[in-house]
Amino acid sequence: MSDEKTEGKRPHLRLVKFQGDGDPILDKLRGKVSKANGEAVAANAFEIEDEYQDLYIGAARDIGILEPPYNLKSLDRLAQENNALSPCIEAMVTNVDGTGYDFEKEGEEAEDNEDDTRIEHLNDFFSQPWPGESFQTIRKKLRRDLERTGNAYLEVLRNAQDEIVFFRHVDAKMMRLVKLDDPIPVKKTVKRRGKDETIAVMTRERRFCQMVNGVSLVYFKEFGATRDVHKKSGRWSQTGQRLAAPERGTEIIHLTLLPDSHTPYGVPRWVSQLPSVLGSRKAEEFNLEFFDNGGVPPALIVLQGGTLQHETRDALEQKMTKGTPGKKNRIQILEVEPSGGSLEKESTVRVTVERFGAERQNDAMFENYDDKCETRIRRSFRLPPIFVGKADDYSFATAFASYTVAEAQVFKPERDEFDEVVTLKLVKGLGFEEYKIVSKPLVIEDATLKLEGINMAISTGQVEMDDVIYEINEAAGTDIRVSDKPRVLNGASHTIDADGRIVPVPMPEAPANSNRPGAGKPKAAAKKKPTPVEKTEHRGALDLALDTMLALRKRDVIQLTKNINLISSLDHVGFDRFRKASADLQFVDTTLDADGLTDLASCTISVMGRAMKQDCDCGHIH
């Protein structure tokens, strides 16, 4: 029987002729077949195989398709089924393409791009490059294809005006490369000596194909090709001529992981450990079959001088060969009949049972071999054990070291390479010549160290409260919000508002009357005598700073005392505004807090009171 596959047709039944070889059974069968005109019906059912096998170069229907070095479906199946390979691939997907991305204008800091409207346009496009899919989802699919088969494909779609409107992921198992054609002159623009120059380069442009429903082929061209390709026939258009929009093949960006030594396809990084991948799977299947069959037989029954009854033999075989493994460990009863003896002397039947209990209690076989295979496979990815779930012997220090090495040696180089392809092809192709995509790094933060850094930043007095609250929320996982309302802090009674005026801190309103029985009217608030601070003339932050500086220079103890009392009564918001005004006047050390400034004034008053012209021993700069 023949099992050759005919491309373009469904599997069908056909007639074949037997070739005689002198076999008597075949001769007898041939005699029967000859009565039916020498032909017999044979099924033409196929195993899972490469649907392109007849279309490769050198095959029966050669149309110029390049054969990949490995069967792509087999590679994908191995990656799916292997117990060590799948975790390594998912670790690459998560840590390389799951960290997020940003867009930046080349030559500018990230902070300068916040209000760039063109970056907003890029974010809008990449948020949904294909209906219902984000760029984050698409790039994860590309990474999974890359790690499984060594190849990944991104289809780019343009409208009739040659504007990129969509791009999407294409399953790598379904794509094939077509051999290169003769080179043609293509104009390329490059930067030389600080200027853009256009140079004609002889280029061989690539085509791709995909089989649809196992019957027909659809063709694509590589991204940026200068000619159109007919999507059904695969023929290039003449240079300078355009095909109708419905007939044009779309563009493909081909990504490869490791280059193959004989073909333009890529190969997965674990292909050098293919024996370990296959061996690990075989060991797992062998152990599974071992347990399904009950392991080593529990005992060997030896009969001497007798035979088992037919019913006993059938029952014993059924018990030992069928059913679940747990039912095979039960006690069996044997009925034996003697097979010898005479009238004078009876036959002796001896039943011996050889037990194998010790061998049956051992652990599964090939465990050490399976561990070695897992180590070799993970080594091909260069991943520390913690990234595949082996974290039993890790502390924070060793985990941080593993993360640092993997980020620097594995994850970041892969992100940079992917970012370069997206920037040079997609971002530039969208018309954003001066912009680039930057993938975010994998970051492990120590909240304690970060909070210590925040405290150091606050002590400088040069950071905004909004930034401090944002960083605290990021480090501690809180949801603190900055309030614009003045708050009473440390018993402060005054603050400086946004207009620079010194105003009393508004006190919280009294709670409403309770409805509980016996609740009476609220008592009138007792009148308080005005404090020296309230009697002080309200002045702005800049005026207060200037007045205080002049009072220090003039040794005006009375005015300086009034100002110090007022400064000490400011809340944090008011004091921050006063400190900024003092910095503009080159007043005193702006790192001082309210208590420090009060100490400074006290020292100055003491010095002036003793009429001494030397510094005190307080350590402040007067």
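Contact means that heavy atoms lie within 4.5 Å. The model discussed here is predicted.

Q: Among contacts in the protein between residues at least 6 apart in sequence, what share joins residues at least 24 apart?
A: The protein has 622 residues, of which 34% count as buried, and its secondary structure comes to 17 helices and 20 strands. Among contacts between residues at least 6 apart in sequence, the share that joins residues at least 24 apart is 63%.

Q: What is the strand order of the open sheet of six strands?
A: Strands of a sheet pair through backbone hydrogen bonds, either parallel or antiparallel. In this open sheet the pairing is mixed, and the order is S5-S4-S11-S10-S9-S6.

Q: Which strands of this sheet are its edge strands?
A: An edge strand pairs on one side only. Neighbouring strands of the sheet are turned by 40° against each other on average, direction ignored. The two strands at the edges are S5 (164-170) and S6 (175-178).

Q: Which residue in S10 is the bridge partner of Phe208?
A: Strand S9 (residues 207-212) and strand S10 (residues 216-222) run antiparallel and are joined by six bridges. In S10, the residue bridged to Phe208 is Phe220.

Q: At about what angle to S4 does helix H5 run?
A: Helix H5 (residues 135-149) lies across S4 (151-158), S5 and S11 (251-256). Relative to S4, the helix runs at about 145°.

Q: Which residues does Phe135 touch, not counting residues up to four places away in sequence?
A: Phe135 is one of the residues that touch the most other members in the largest nonpolar core, which has 26 residues. The elements that give two or more residues to this core include H4 (117-127), H5, H10 and S18 (435-439). Not counting residues up to four places away in sequence, Phe135 touches Tyr101, Phe126, Ser127, Pro129, Phe167, Phe418, Val422 and Ile437.

Q: How far apart are the axes of H3 and H10?
A: Two packed helices are described by the angle between their axes and the distance between the axes. Helix H3 (residues 85-97) packs on helix H10 (residues 396-429) at an angle of about 65°, and H3 passes H10 in a right-handed crossing. The distance between the axes is 9 Å.

Q: How many nonpolar, polar and charged residues make up the contact of H3 with H10?
A: From H3, the contact takes Ala91, Met92, Asn95, Val96 and Asp97, and these meet Val410, Phe411, Glu414, Arg415 and Phe418 in H10. By class, the residues are six nonpolar, one polar and three charged.

Q: Is Asp76 buried or exposed?
A: Asp76 is found in helix H2 (residues 72-81). Leaving aside neighbours within four places in sequence, Asp76 is in contact with Arg148, Thr149 and Lys173. Because its relative accessible area is 10%, and the limit for this class is under 20%, Asp76 is buried.

Q: Which residue in S8 stands opposite Lys187?
A: Strand S7 (residues 184-192) and strand S8 (residues 195-203) pair in the antiparallel sense over nine bridges. They form a hairpin with two residues between them. In S8, the residue opposite Lys187 is Ala200.

Q: What is the phi of Arg193, in the loop between S7 and S8?
A: Most residues other than glycine have a negative phi. Arg193 lies in the loop between S7 and S8 and is exposed, with a relative accessible area of 73%. Although Arg193 is not a glycine, its phi is positive, at about 55°.

Q: What is the relative accessibility of Asp162?
A: Asp162 lies in the loop between S4 and S5. This residue has a positive phi of about 65° although it is not a glycine. Asp162 counts as partly exposed, with a relative accessibility of 33%.

Q: What distance separates the C-alpha atoms of Leu180 and Glu205?
A: Leu180 lies in the loop between S6 and S7 and is partly exposed, with a relative accessible area of 29%. Not counting residues up to four places away in sequence, Leu180 touches Arg204, Glu205 and Arg206. Leu180 and Glu205 are 25 residues apart along the chain, and their C-alpha atoms are separated by 6.5 Å.

Notes: Residues are numbered from 1 along each chain as its sequence is written. This is a predicted model: local features need pLDDT of at least 70, side-chain atom pairs count only at pLDDT 80 or more; totals for chains, interfaces and linings use all residues. Side-chain values use heavy atoms; hydrogens and water are left out. Two strands pair if DSSP finds at least two bridges between them. Helices (H or I, at least four residues) and strands (E, at least two) are DSSP runs, numbered from the N terminus. Axes are lines fitted to C-alpha atoms, for helices over the stretch in contact, and angles run from 0 to 180 degrees between N-to-C directions. A crossing is left-handed if the near helix is turned anticlockwise from the far one by less than a right angle, and right-handed if clockwise. Ala, Val, Leu, Ile, Met, Phe, Trp, Tyr, Cys and Pro count as nonpolar, Asp, Glu, Lys and Arg as charged, and the others, Gly among them, as polar. A nonpolar core is a set of buried Ala, Val, Leu, Ile, Met, Phe, Trp, Tyr and Cys residues joined through side-chain atoms within 4.5 Å. Buried means under 20% relative accessible area, exposed over 50%, partly exposed in between (1.4 Å probe, protein chains only).
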